[in-house]
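Student: I would like a close look at one part of this protein. Please keep it brisk and take me from there into the surroundings.

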Amino acid sequence: MYMISACLLGENCKYNGGNNRCQWVVDFAKSHSYVPVCPETQAGLPAPRPPAEICGNKVLDSEGQELTEAFAQGAEASWELAKKAASDAGENIEGAILKAKSPSCGRDRIYDGTFSDRLTAGDGYLVRLLKNHHIDVITEKENLEDD
């Protein structure tokens, strides 16, 4: 079973109320068991909402509201949701396909906290948690179907 960012599957949970539908991810999901996750909506954040970025050790939205606890709780809730879905299906979580650059789901490179579209080294909150559990994470920028 895979964890897949819900926005990549076309769910309108992105901060601006839209999605990041990615055709290869949708096609992958048709032939693999998966659980869609959105840590931000799992934490109760609405869509739409102001964009958020990791600023040092905190998550702040573009209006200055601190969302660190919500992002941490959303990551944990997404992990628990995926573990239950995998257990119910009698499967293991094989990996995750998550949204690049996101403060929740970005892997290796995330927005730098200045809200200026600049990137910095780092992982989003869900990716940090998954790495601690030794779950392989890729983003939609890396096509598993090319392997």
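Student: Which residues are linked in a network of salt bridges?

Tutor: First, a caution: this is a predicted model. The network links Arg 107, Asp 108, Asp 123, Lys 131 and Glu 142. A search of the whole structure finds 10 salt bridges. Side chains of opposite charge can pair when their charged atoms come close.

Start with Arg 107. Arg 107 pairs with Asp 108, and their closest N and O atoms are 2.9 Å apart. Asp 108 is partly exposed, because its relative accessible area is 35%, and the cut-off for buried is under 20%. Arg 107 also forms a salt bridge with Glu 142, with the closest N and O atoms 3.2 Å apart. Glu 142 sits in the segment after S8, and Arg 107 in the loop between S5 and strand S6 (109–111), so this pair ties together parts that are 35 residues apart in sequence. Glu 142 has 29% relative accessibility, so it counts as partly exposed.

Now take Lys 131 and Asp 123. Their salt bridge brings the closest N and O atoms to 2.8 Å. Lys 131 is partly exposed, at 35% relative accessibility. Asp 123 is buried, with a relative accessible area of 15%.

Next, follow Arg 107 to a neighbour. Arg 107 is among the residues that Val 127 touches. Val 127 is found in helix H4. Its relative accessible area is 0%, so Val 127 is buried. Leaving aside residues up to four places away in sequence, Val 127 touches Leu 98, Ser 104, Cys 105, Gly 106, Arg 107 and Val 137. From Val 127 to Ile 138 is 11 residues in sequence, and their C-alpha atoms are 9.4 Å apart.

Leu 98 and Leu 126 are 28 residues apart in sequence, yet 9.1 Å apart in space, C-alpha to C-alpha.

Look at the side chains of S1. In a regular strand the side chains alternate between the two faces of the sheet. In S1, Tyr 2 and Ile 4 point one way, while Met 3 and Ser 5 point the other way. All four of these residues are buried.

Helix H1 comes next. S1, H1 and S2 make a right-handed β-α-β unit. H1 covers residues 23–30, and its buried residues are Trp 24, Val 25, Val 26, Phe 28 and Ala 29. The cover over them includes S1, S2, strand S5 (95–98) and strand S8 (137–139). Recall that Glu 142 lies in the segment after S8.

The residues of H3 that are buried are Thr 68, Ala 70, Phe 71, Gly 74, Ala 75, Ser 78, Trp 79, Ala 82 and Ala 86.

Take Thr 68 from that list. Thr 68 belongs to helix H3. Its relative accessible area is 16%, so Thr 68 is buried. Beyond residues up to four places away in sequence, Thr 68 touches Asn 57, Lys 58, Val 59 and Tyr 125.

Finally, check the length of H3. H3 has 22 residues (68–89), which should span 32 Å at 1.5 Å a residue. The C-alpha atoms at its ends are 32 Å apart, which agrees. Just after H3, Gly 90 takes a positive phi of about 70 degrees.

Back to your question, then. The network consists of Arg 107, Asp 108, Asp 123, Lys 131 and Glu 142.

Conventions:
Residues numbered from 1 in each chain as written. Predicted model: local features only at pLDDT ≥ 70, side-chain atom pairs only at ≥ 80, totals over all residues. Heavy atoms only, no water. Helix = DSSP H or I, 4+ residues; strand = E, 2+ residues; numbered from the N terminus. Expected span 1.5 Å × (residues − 1). Buried < 20%, exposed > 50% of the residue type's maximum accessible area, 1.4 Å probe, protein only. Contact = heavy atoms within 4.5 Å. Salt bridge = Lys/Arg side-chain N within 4 Å of Asp/Glu carboxyl O. Right-handed = clockwise from strand over helix to strand, strands pointing away.
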